[in-house]
Each structure stands twice: as C-alpha cells, then as structure tokens.
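Let's take a walk through a protein chain, one piece at a time.

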Amino acid sequence: QVQLVESGGGLVQAGGSLRLSCAASGFFRIISMGWYRQAPGNQRELVADINAGHATNYADFVKGRFTISRSNAQNTVYLQMNSLKPDDTAVYYCNTRGYTSPTSWDDYWGQGTQVTVPS
C-alpha cells in the first residue's frame, strides 16, 4: 500500500525558511519525487522535482530560493525553502511517480501541508 507522509509546513515570516519532508513507502521502484503547490483560487503548480539520478527541475519563481533533495535509500524528498515570500503561501503537495509492480506505474499525492507567509 502506497503511503506518502509529509511534514514541515507552518507559518513563517517573510524572509524566513522552512523545510518540507515527504517519506514514501509501498513502491516497487520510484521514478521521481517532487513538490507542487496550490494557493486558493489557483491551479496546482509544479514547484520542483527530482528523479532517481538526482537531476532537478525548478519552477522559475523558486529558482535560487528553494532546493530540492532526495534520499534514495530512505525514499524521502526534501524541499528547503529560503527567502520565503507572501506569494509562497499555499498548500504544498508531495508527488511521487513510481512503480507499484514491475510493470505498473502511476502518480501518487500526499495530503498536503500548509505553508503560510503573512504579508
């Protein structure tokens, strides 16, 4: 059974930092892990992702401020968020794309963790 356990959200003042974590279990093999976010009234958007080879991809609005990393051994992905802005306020969702059998893969989502940066 697939499980994604997120942690690390909260309230932080502008300019501050937070670190999100997401631990995945139940996968035969993980292809990629990443973080998306959704602010009220907006669509869910990619923040950053990282594949099994540790190649990373960032949205332009977080480049230079956020860093994604991954522990393959622990099937855990991290998002270090620095220089946070009020516009970063959103629910952040962990995404894992992986195989649950040798031939079947899909995208799976965590329940989301709230990040709030007051203006």
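Here is a short tour, from the overall fold down to single residues.

## The big picture

First, keep in mind that this is a predicted model. The protein chain has eleven strands and zero helices, so there is no helix to look for in its secondary structure. Its radius of gyration is 14 Å, close to the 14 Å that the globule rule gives for 119 residues, so the chain is as compact as a globular protein of that length.

If you boxed up the C-alpha atoms along the principal axes, you'd need roughly 45 × 25 × 20 Å. Of the 119 residues, 39% are buried. The chain exposes about 6,300 Å², and carbon and sulfur atoms supply 45% of that. Take the contacts between residues at least 6 apart in sequence: 53% of them join residues at least 24 apart.

How do strands get together in a sheet? They pair through backbone hydrogen bonds, either parallel or antiparallel.

Zoom in on β7 and you'll find six bridges joining it to β8 (residues 76–81), with the two running antiparallel. One example to look up: phenylalanine 66 has methionine 81 in β8 as its bridge partner.

Now find β11 (residues 113–116). Which of its residues are on the covered face? They are Thr113 and Val115, while Gln114 and Thr116 make up the uncovered face.

β11 pairs in both directions. Strand β2 (residues 10–11) runs parallel to β11, joined by two bridges, and glycine 10 stands opposite valine 115. With β9, β11 runs antiparallel, and three bridges join the two. In that pairing, tyrosine 92 has threonine 113 as its bridge partner.

In soluble globular proteins, nonpolar side chains tend to be buried together. In this chain, the largest nonpolar core has 28 residues, and Trp35, Leu79, Met81 and Tyr92 have the most contacts inside it. The elements giving two or more residues to this core are β3 (18–25), β4 (29–38), β5 (45–51), β7, β8 and β9 (90–99). β3 supplies the largest share, four residues.

Threonine 96 is in strand β9. Is threonine 96 buried or exposed? With a relative accessible area of 0%, threonine 96 is buried, because anything under 20% counts that way. Beyond its neighbours within four places in sequence, threonine 96 is in contact with residues including Leu4, Ala24, Phe27 and Tyr108.

Proline 102 is placed in the loop between β9 and β10 (105–109). Proline 102 counts as exposed because its relative accessibility is 60%, and the cut-off is over 50%. Proline 102 also shows how a chain can fold back: arginine 29 is 73 residues away in sequence, but the two C-alpha atoms are 8.1 Å apart in space.

Technical notes:
Residues numbered from 1 in each chain as written. Predicted model: local features only at pLDDT ≥ 70, side-chain atom pairs only at ≥ 80, totals over all residues. Heavy atoms only, no water. Pairing = 2+ DSSP bridges. Rg over C-alpha atoms; globule rule 2.2 N^0.38 Å. Buried < 20%, exposed > 50% of the residue type's maximum accessible area, 1.4 Å probe, protein only. Contact = heavy atoms within 4.5 Å. Areas by Shrake-Rupley, 256 points an atom, 1.4 Å probe, with all protein chains shown as cover. Core = buried A, V, L, I, M, F, W, Y, C linked by side-chain atoms within 4.5 Å.
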